[in-house]
Amino acid sequence: MSGASARSLKIFVGNIAWTVGHRELRNYFSQFGKVSWAQVVFDRKSGLSKGYGFVSFQKKSALENLERNQKHVLDNTPIFFQQTD
């Protein structure tokens, strides 16, 4: 797989609740396809979530499955995603 196609399988996830960590993010998105990695971004000083993160999938079909579902809620909070370049 080329670098360009690997990047196309990565999404930005916004509005993540402060209670959500890497494991919860991975678990949520794994229902749509195999997740390569999932990471919530945390503030280095406070250790608190910054409310966003990134998820990378192994196959493009996972993104297609994800886009079919119009409403995404994680830990009782609506989240949104956007494919990265």
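Biologist: What should I keep in mind about the numbering and the cut-offs?

Modeller: Residues are numbered from 1 along each chain as its sequence is written. The model is predicted, so local features need pLDDT of at least 70, side-chain atom pairs count only at pLDDT 80 or more, totals for chains, interfaces and linings use all residues, and side-chain values use heavy atoms, leaving out hydrogens and water.

Biologist: How do you know what pLDDT the protein chain averages?

Modeller: pLDDT is the predictor's confidence in each residue, from 0 to 100. The protein chain averages 91, and 91% of the residues score at least 70. Residues 1-7 stay under 50. For that stretch the model has five contacts beyond four places in sequence. Contact means heavy atoms within 4.5 Å.

Biologist: What makes up the protein chain, in helices and strands?

Modeller: Three helices and six strands. Helices (H or I, at least four residues) and strands (E, at least two) are DSSP runs, numbered from the N terminus. In order, the elements run α-β-α-β-β-α-β-β-β.

Biologist: Why is the protein chain called as compact as a globular protein of that length?

Modeller: The radius of gyration is taken over C-alpha atoms, and the globule rule is 2.2 Å times the number of residues to the power 0.38. For 85 residues the rule gives 12 Å; the protein chain has 13 Å, which is close, so it is as compact as a globular protein of that length. Its C-alpha atoms fill a box of roughly 40 × 25 × 20 Å along the principal axes.

Biologist: Why is V41 called buried?

Modeller: Buried means under 20% relative accessible area, exposed over 50%, partly exposed in between (1.4 Å probe, protein chains only). V41 has 18%, so it is buried. It is found in strand β2, residues 35-42. Leaving aside residues up to four places away in sequence, V41 touches S49, K50, G51, Y52, G53 and F54.

Biologist: Why does S56 count as buried?

Modeller: S56 has 8% relative accessibility, so it counts as buried. S56 is in strand β3. Beyond four places in sequence, it touches L9, K10, V35, S36 and W37. Across the protein chain, buried residues make up 35% of the 85 residues.

Biologist: How do you know which strands β3 pairs with?

Modeller: Two strands pair if DSSP finds at least two bridges between them. β1 and β3 have five bridges, in the antiparallel sense. There, F12 stands opposite F54 in β3. β2 and β3 have six bridges and also run antiparallel. V35 stands opposite F57 in β3. β2 and β3 form a hairpin with six residues between them, and G47 in the turn has a positive phi of about 80°.

Biologist: What makes the largest nonpolar core, and which residues have the most contacts inside it?

Modeller: A nonpolar core is a set of buried Ala, Val, Leu, Ile, Met, Phe, Trp, Tyr and Cys residues joined through side-chain atoms within 4.5 Å. The largest one has 20 residues; I11, V13, L25, F29, V55 and F57 have the most contacts inside it. The elements that give two or more residues to this core are β1 (10-14), α2 (22-29), β2, β3 (49-57) and α3 (60-68). Beyond four places in sequence, V13 is in contact with residues including L25, F29, V55 and I79.
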